[in-house]
Amino acid sequence: MPTFLFDSIVFGPVNSRRLGISLGINLLPVTRKVCSFNCIYCECGWTPGKPKPGEMLPSRYEVYEALRNKLSEMKDQGKAPDVITYAGNGEPTLHPDFAGIIDDSLALRDEFFPDAKVSVLSNGSMLRRKSVREALKKVDQNMLKLDSALADTVRQLNQPHVKTDLGKFEDYAREFDGRFIIQTLFVRGECDGRTVDNTTEEEITAWLQAIARLRPQQVMIYTIHRDTPLGNNLRKVPVNELNAIARRVNRLGIATSVSG
């Protein structure tokens, strides 16, 4: 099945399943995905190799101008976003000026739509950078990916290009004092001749133990919604099963939302 890339710095607003009316920000090239992971379900497709000559990240100034222009336009139209979301064609925290861009975005939000939230969707791989952690402490919704607490499944589902360590992830997450959201995508299917399923009892038990240790303010549970690089080899997890997982999170005293 076909996947897609965002073709501009600012995109939308779109009606997000989890966030409401979301104005998206892409800090990555419009011609390719740039990510530290290569998730088998990513709507942006596979993560390619080294960037091609001339493929540049947008500058901090370009992001500022694009966001200011869009927010000004929306203000004139009387259209307010619920959230300004950093996502786009890969991992936003890879941008070398990520911290400064977040400061700019918060200032622009306060100027145009002070009731809107600023959100970052991240795989958590750059939490090792103090500047990234400090920036994420400032946003309203710091959403971190945790698709599995089992190392082999992380390698299978997320195919990271960097070293991943759940222990380190938990250490960094504690710096947020509970002000973060865990996002988990549940999926089933086949990849490279192996079964893919992060909904088995072994998976859910290990994942719940990690959630209990992490104590996020919220957990967002969802499944695939758009085309994936593996096409029909991946399948949605039924909503009733997602709800059953959510109830187990609720019993830990943690708010949970489900998107089928």
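1. A search of the whole structure finds 0 disulfides, a disulfide being a pair of cysteine sulfur atoms within 2.5 Å. C35 is buried, with a relative accessible area of 16%, and C39 is buried with 6%. Buried stands for under 20% relative accessible area, exposed for over 50% and partly exposed for what falls in between (1.4 Å probe, protein chains only).

2. On the basis of these values: this is a predicted model, in which local features need pLDDT of at least 70 and side-chain atom pairs count only at pLDDT 80 or more, while totals for chains, interfaces and linings use all residues. Residues are numbered from 1 along each chain as its sequence is written, and side-chain values use heavy atoms, with hydrogens and water left out.

3. Strand β3 (residues 83-86) has V83 and T85 pointing one way and I84 and Y86 the other way, and all are buried. Helices (H or I, at least four residues) and strands (E, at least two) are DSSP runs, numbered from the N terminus. Strand β2 (residues 20-25) runs parallel to β3 and is joined to it by 4 bridges; two strands pair if DSSP finds at least two bridges between them. L23 stands opposite I84 of β3.

4. On to strand β4 (residues 117-122): 4 bridges join β3 to β4, and the two run parallel. V83 stands opposite K117 in β4. The chain passes from β3 through helix α2 (residues 98-112) to β4, a β-α-β crossover that is right-handed. Right-handed is meant in this sense: with the strands pointing away from the viewer, the path from the first strand over the helix to the second runs clockwise.

5. S125 lies in the loop between β4 and α3 and counts as buried at 14% relative accessibility. The side chain of S125 makes a polar contact of 2.6 Å with the side chain of S36 and another, of 2.7 Å, with the side chain of N123. A polar contact is a pair of N or O atoms within 3.5 Å; within protein, one must be able to donate a hydrogen and the other to accept it, and residues adjacent in sequence count only if both atoms are side-chain atoms. Not counting residues up to four places away in sequence, S125 touches S36, F37, E91 and V162, where contact means heavy atoms within 4.5 Å.

6. In helix α3 (residues 130-138) the buried residues are V132, R133, A135 and L136. They cover an arc of only 165° around the axis, so they sit on the same side of α3; the arc is that of the directions from the helix axis to the C-beta atoms. What covers the buried residues of α3 includes α2, β4, β5 (141-145) and α5 (166-174).

7. Strand β9 (residues 218-223) is largely enclosed by the rest of the structure, because 6 of its 6 residues are buried. Q218, M220 and Y222 lie on one side, and V219, I221 and T223 on the other. β9 pairs in the parallel sense with strand β6 (residues 181-186) over 6 bridges, and with strand β11 (residues 255-259) over 5 bridges. I181 has Q218 of β9 as its bridge partner, and V219 stands opposite T256 in β11.
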